[in-house]
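Biologist: I am new to this structure. Please take me closely through one part, the nonpolar core, and then through the charged pairs.

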Amino acid sequence: MILFESRRVRRIVGRLERGEEVVRAVEDLVREREVTTAWVRATGTLDWVELRRYDARARRWSAAERVEAPCEIVALEGQVAFEEGERRARLSATLRRESVAGAVVFGGEIVRAGVFALDLLLDCMDDLGLRRERDAETGLSLFAGLSVPLPAAQPGRTVEPAWEPEPEPEPSAAPAPAGDGSISWAQAAAVTAAPDRSREPPGPRRGRGRRSVLTEAREPAPVPQPLPDKKRVSEEEFFEEPIPDKGDWVDHRVFGMCKVEGEDAQGGILIRLPSGARKVINLGVLEVLPARIEGDRLVYPLRPRRR
């Protein structure tokens with residue numbers, strides 16, 4: 001068994017216009033949106049279609065057959081991956097059309113197809129860059145890399161997902177303060193890397209701050225611009241800052257994307273690093289910026305707080 005794990009997924013939803021060619025439209029889309037790996041699904045109707053089928057015994061593809069008739073999509077799924085250095089879409093469909101004898105159901109891999117009406121969904125796995133290579137045993141083009149394959153499962157043994165975390169930075173013994181009076185990332189990382197208090201039960205919320213309200217999602221998700229440099233004039237601003245809740249995510253410049261697992265008894269927040277380790281973030285040295293949406297995640301960027 002060869003497996004790959006993605007922990008960062010975004011979705012692209014839309015429709016293709018009548019007359020567009022399905023495979024070419026999907027490949028143009030993934031190049032435009034810089035998609036490296038994706039799972040594709042679609043519903044709708046095709047004006048015409050060319051299909052090919054794989055003969056597992058002969059280990060070869062049949063010649064493409066063209067159907068010049070409207071076909072209803074019963075199921076259409078596929079994948080986007082790299083083949084020979086290019087982003088390629090492989091789409092397979094089960095279709096239904098009317099004939100003199102009644103309804104006919106057929107299927108295969110789409111070589112080309114013309115759109116009558118088609119709704120499209122792409123689950124894009126941005127932290128993977130999978131490639132396809134010809135498999136000598138089956139003769140098919142199958143997933144082969146760029147991620148680390150998991151070991152095969154054994155009876156009575158649970159296989160843990162393969163994961164290569166970035167090494168955690170070693171905190172400096174005495175990080176130097178930034179020249180403009182702000183707290184540096186080295187200082188923030190040093191505070192975050194304090195003794196792990198993840199075993200302490202979370203304390204009650206102190207009522208500080210309120211959650212940001214996002215009225216709409218945009219594609220692509222908006223990236224917040226840094227706030228103008230200034231010094232805090234009162235505690236009121238501090239109390240009005242958004243506080244990530246359990247299940248939200250924070251974007252830490254040193255540790256990366258981390259999931260929030262709760263609030264610390266001392267007023268910080270407990271996060272899980274990509275490596276699986278837990279850390280407590282001290283919000284006294286890190287400022288929480290307004291959230292953005294990435295797929296189904298609510299992500300709060302962090303930056304060192306100015307004194």
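Modeller: Start with the whole chain. The protein chain has 3 helices and 17 strands; helices (H or I, at least four residues) and strands (E, at least two) are DSSP runs, numbered from the N terminus. This is a predicted model, where local features need pLDDT of at least 70 and side-chain atom pairs count only at pLDDT 80 or more, while totals for chains, interfaces and linings use all residues. Residues are numbered from 1 along each chain as its sequence is written, and side-chain values use heavy atoms, with hydrogens and water left out.

Of the 307 residues in the protein chain, 35% are buried. Buried means under 20% relative accessible area, exposed over 50%, and partly exposed in between (1.4 Å probe, protein chains only).

Now the core. A nonpolar core is a set of buried Ala, Val, Leu, Ile, Met, Phe, Trp, Tyr and Cys residues joined through side-chain atoms within 4.5 Å. The largest one has 33 residues. V49, L91, L95, L118, L120 and L122 have the most contacts inside it. At least two residues each come from β1 (9-16), α1 (22-32), β2 (38-52), β6 (71-83), β7 (86-99) and β8 (102-125). Strand β8 gives the most, with 8 residues. In soluble globular proteins, nonpolar side chains tend to be buried together.

Look at L120. Leaving out residues up to four places away in sequence, L120 touches I12, V13, G14, R15, L16, V26, L29, V40, R41 and A42. A contact here means heavy atoms within 4.5 Å. A second, separate core has 17 residues, including V250, F255, I281 and V285.

Next, the charged pairs. The whole structure holds 23 salt bridges. Each is a side-chain nitrogen of Lys or Arg within 4 Å of a carboxyl oxygen of Asp or Glu. One joins R52 and E109, with the closest N and O atoms 3.0 Å apart. R52 lies in strand β2 and E109 in strand β8, 57 residues apart, and the pair links distant parts of the chain. R52 is partly exposed, at 22% relative accessibility. E109 is buried, at 11%.

Another pairs E68 with R66, at 2.4 Å between the closest N and O atoms. E68 is exposed, with a relative accessible area of 58%. R66 is partly exposed, at 38%. Both belong to a salt-bridge network of E50, R66, E68 and R112.

Finally, E287 and R303 meet in a salt bridge at 3.1 Å, N to O. E287 sits in strand β15 (residues 286-288) and R303 in strand β17 (residues 297-304). Both E287 and R303 are buried.
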